[in-house]
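I set out to record what I looked up in this structure, entry by entry. The sequence and the structure come first, and my notes follow.

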Amino acid sequence: MSVAANPRQYVLRLIFIGVASVILLRLFFLQIFESKYKVLASDITIYKKVVYPPRGIIRDRNGKTILSNKVVFDLMVTPHNIPKNFDTTQICDVLGIDRDTYEGIMDRVQRRNIDVRQSSFMEDLSVEQTARFQENAYMFPGFELVERNIRNYPDTCAGVVLGYIGEVSPEMLKKKRYSSYRQGDYTGMNGLELQYEEVLRGLRGVHFLERDKFNRPRDPYQGGILDSQEVAGKSLQLYMDADLEAYAEKLMANKIGSVVAIDPKTGGILAMVSSPNYDPNLLSGRDRTKNYGALYKDATRPLLNRAMQAAYQPGSTIKPMTGLVALSTGSITPRFGFPCYGSYNLCGKSIACEHKDPGHAANFRLALAHSCNSYFCHVFRLTVDNEKFGDVKVGLQVWHDYFSSFGYGHPLGIDLPFEGRGLLPDSTYYNERYHNSWNSCMIVFVGMGQGELGLTPLQMANGMCIIANKGYYYTPHFVRAIGDNANDPTLAVYKVKHNVTNISDTVYDVIAQAMQDVVESGTAIGAKVEGINICAKTGTAENKAIVNGEVIKMQNHSMFVAFAPREDPKIAIAVTIENAGYGATWAAPIASLLIEKYLKDSVSFKRKAIEDKMLKAHLIDKHVYLIDSALRIHDREVYEAKSEKKRIADSTARVEGYMLYMRGINKALGKGNKKNSK
C-alpha cells in the first residue's frame, strides 16, 4: 500500500521527524551556545563556588543588636575526588591533627553521605589552620575551604528565645520544608531561628571561578556574567527590651523558674527568661555538639523553655480569674463575703487558709487582698453549682469556656516553636476520671489554683493582659518588624484582637481595684513601688515529688502575676520560682524590680537592699538532682521497653509474612502436583 493511500502513516513519520529535529537542535544549542552548561560540564577548569549569605540580624526594640554573624571557614571534603595515593600526613600537619583523628572524621563523613557528595570535614578553622591550608590547597584534591557565617550573641542572653542553628539532618531533608536544602546546609533548630527560618536564611548564590595551574580558584569566569548573587537574610526587630531581659536573667540566677513580661497593648513580649539559662554562644561554632550534650545532661534542664513549655498549678494567682467568672455569671456580687476562720470545711474535709482573723474575707476586695482560700473555694463552687446552669456538669463547662477564652488549656500561638498547652479540665475530663459521678466538692481545689489545673507562665502573663485591657488580648509574640516592615504579611496573625467571653468593664474595674489592694495593703505589700499603681496577685503552689521511691512535700513554688500602671498598663508580668516558698517572698520582689526597671529605667536607692537580696539568693533545691536522675532512668526504661516492643512486633510481622509466603508457595505447588497427576 502506498503512502498516499495511507495518510496516517505519513503523519506519524512527520511527527517522529519533527520531535527528533527538536531534540537534536536543543542538544546542539546546549553544546555550542549555552555557556552555563559548558561550565557545569567542565568542572576540571571551572570551579563552582556556592556562596552562603549572612543570616538576618536580630535587634531589640531599641535597635540594639542581640544576634549577629561572624565569618568563619569550614573545610569541606568530597571523598570521591581524593586520589588513592593521597598523602594524609601532609593534610594532618597542615590542620594540626593526628592520623587517627583524620580517619575517624573520614569514617563519619562516609557513613553519613555517599562519596560523591561534599560534606563538612572540619568546621570553624582557626586563623592559622585557614592560612596554612590556603597556601597548600593545590596539594589536597577533594578538599575545599568554604566561607560561612556563624551566629554571634554579643550579650549572651535570651538563649532559649533566640535559638541556634545546626546542620540539616538526612531526616530533615526528606521533609517538604527542607526540599531546597542540601547536606551541609545550616538551618534554625529552635527559637526564633527555627520559627523565622525562611526569613532569616536568605538565598544562596553560585559563583563560577577559573582555576589556575595549581588548581586554585582565581578570577570570575567570563567576568561573572553566569553568577547568581546571594541574597542576605532579612533582619528581625523585636519587642524585647535587651536591658530588661539581661536584668531579669541576673535576678533569676541560681533559681529554677521563669519570667514573662508582655506589653498588653500589642502582645509584644518585653522579656522571657527561663532559668537556669545558658550562654547561646556555646551552641555556635565547632564545639556546639559537645556543649549541647553537656547542657542536655544538666539536671536543671537549661534547654527547656519553662516560660512556655512547663505547666504549673497556678496557686492563688488564679484567684482574680476565678472572681472574674463568678462576678460575670452573677454567681456573686462584689459585696459577697464568707466567714473564714482558718479553713474551709463545707466539703467534708478541711482545706487550710493562711488567715484566721475575722473579717478578712468580708467582701471580694478584702478576700483577694488577703488571698483567702476558703473564699475562693466557695466562690468556685457557687459558680459551677449556679442554679441557672441546672447541673454542675453544665456549670463547669461554662467555667471551662471562660477560661479557654482567656487562653488557658491550649497554645496561645506565640512565634516560637514547641509551645506547651497546659491543662484545663472540662466536664468530659471529670466524667472519665470519676466515671460520670462527681460534684463540686470533688473538684473544689481548682478554685484556689490547685488540683487538675496547669498553666504555663506565658498563659499567666497573658491573663494579666486581659484584665489590663478589660477584655481582650493580642497573641503574645516577639517580632515587631521583618526588615523595616511592621506590616509584613507574616505578622498579620499577631495584629488580630482576641475578645474574650463578654464581661463588662465594671467587673474588670472591681478585679483591678482588688488587685491593687493586694499590693497596697495585702499579701504583696513588699512589691509596692513608689509612684506606680501595681495590680497584682501572689501565689504559693503546693509541690510534691517522688524522691527515692517516696512522695515528699517539696518547698512550694513561689508565683506572682501583675500589670502596671493601673491607669495606663504598659507591662504585664508573671514570675515563677520553683521550690522557693511563698510568692510574696521571692517572685513578688523580682517582678516589682522588673516593673520599676522597665517603667523608670532604674531601681531606686531605697530598694537596692531588696535587689541585692534577690541577686544573691540561691534557691535551687538539692532534691532537683535526685529527681532528674530518677526521671532520666524512667525515660530510658520507657524508651527501652518501647524499642523492645517494636522489635518483637517487627520480628512477629516478618515471621507471619514468611509463613503467608510459604503457604502461598505450598498452595501453588499443590495445585501444580494435582495437574501433573491428572
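**Entry 1. Salt bridges.** I searched the whole structure, which is a predicted model, and the search returned 26 salt bridges.

**Entry 2. D185 and R204.** I found a salt bridge between D185 and R204, with 2.4 Å between the closest N and O atoms. The two residues are 19 residues apart, and the pair links distant parts of the chain. I located D185 in the loop between helix 7 (170-173) and strand 7, and R204 in the loop between helix 9 (197-201) and strand 8 (205-211). R204, at 28% relative accessibility, counts as partly exposed.

**Entry 3. R301 and D628.** I next looked up the salt bridge between R301 and D628, in which the closest N and O atoms are 2.9 Å apart. I recorded R301 as partly exposed, with a relative accessible area of 27%. D628 counts as buried, at 6% relative accessibility.

**Entry 4. K608 and E611.** I found that the side chains of K608 and E611 meet in a salt bridge, at 3.3 Å from N to O. Both residues lie in helix 21, three residues apart, which is about one turn of the helix. An α-helix has 3.6 residues a turn, so residues three or four places apart point the same way. I noted K608 as partly exposed, at 36% relative accessibility, and E611 as buried, with a relative accessible area of 11%.

**Entry 5. A network.** I also found R55, R151, E193 and E197 linked in a network of salt bridges.

Entry 6. In soluble globular proteins, nonpolar side chains tend to be buried together. The largest nonpolar core has 143 residues, and the members that touch the most others are L192, Y196, M272, F364, Y375, F406 and F478. Which helix gives the largest share of this core? I found that helix 19 (residues 505-521) does, with nine residues. Another core lies apart from the largest one; this other core has 20 residues, among them F86, I97, M106 and V109.

I then listed the contacts of F364, leaving out residues up to four places away in sequence. F364 touches G323, L327, I332, P334, F336, Y375, F376, V510, I511 and A514.

**Entry 7. Helix 11.** I examined which residues of helix 11 (residues 288-297) are buried, and found R288, N291 and L295. Viewed down the axis of helix 11, the buried residues fall within an arc of 65 degrees, so they line one face of the helix. On the other side of helix 11, I found T289, K290, Y296 and K297 exposed. I asked what the buried residues of helix 11 pack against. They pack against strand 6 (165-167) and strand 7 (186-188).

**Entry 8. Backbone geometry.** Most residues other than glycine have a negative phi, and most peptide bonds are trans.

- I found a cis peptide bond from S275 to P276, with omega near 0 degrees. P276 is in the loop between strand 12 (269-275) and helix 11.
- I found another cis peptide bond joining A564 and P565, where omega is about -15 degrees. P565 is in the loop between strand 21 (557-564) and strand 22 (571-577).
- N436 has a positive phi, near 70 degrees. I located N436 in the loop between helix 17 (427-433) and helix 18 (457-469); N436 is partly exposed, with a relative accessible area of 46%.
- D601 also has a positive phi, near 75 degrees. I located D601 in the loop between helix 20 (587-600) and helix 21 (608-616); D601 is exposed, with a relative accessible area of 63%.

Conventions:
Residues are numbered from 1 along each chain as its sequence is written. This is a predicted model: local features need pLDDT of at least 70, side-chain atom pairs count only at pLDDT 80 or more; totals for chains, interfaces and linings use all residues. Side-chain values use heavy atoms; hydrogens and water are left out. Buried means under 20% relative accessible area, exposed over 50%, partly exposed in between (1.4 Å probe, protein chains only). Helices (H or I, at least four residues) and strands (E, at least two) are DSSP runs, numbered from the N terminus. The arc is that of the directions from the helix axis to the C-beta atoms. Contact means heavy atoms within 4.5 Å. A nonpolar core is a set of buried Ala, Val, Leu, Ile, Met, Phe, Trp, Tyr and Cys residues joined through side-chain atoms within 4.5 Å. A salt bridge is a side-chain nitrogen of Lys or Arg within 4 Å of a carboxyl oxygen of Asp or Glu.
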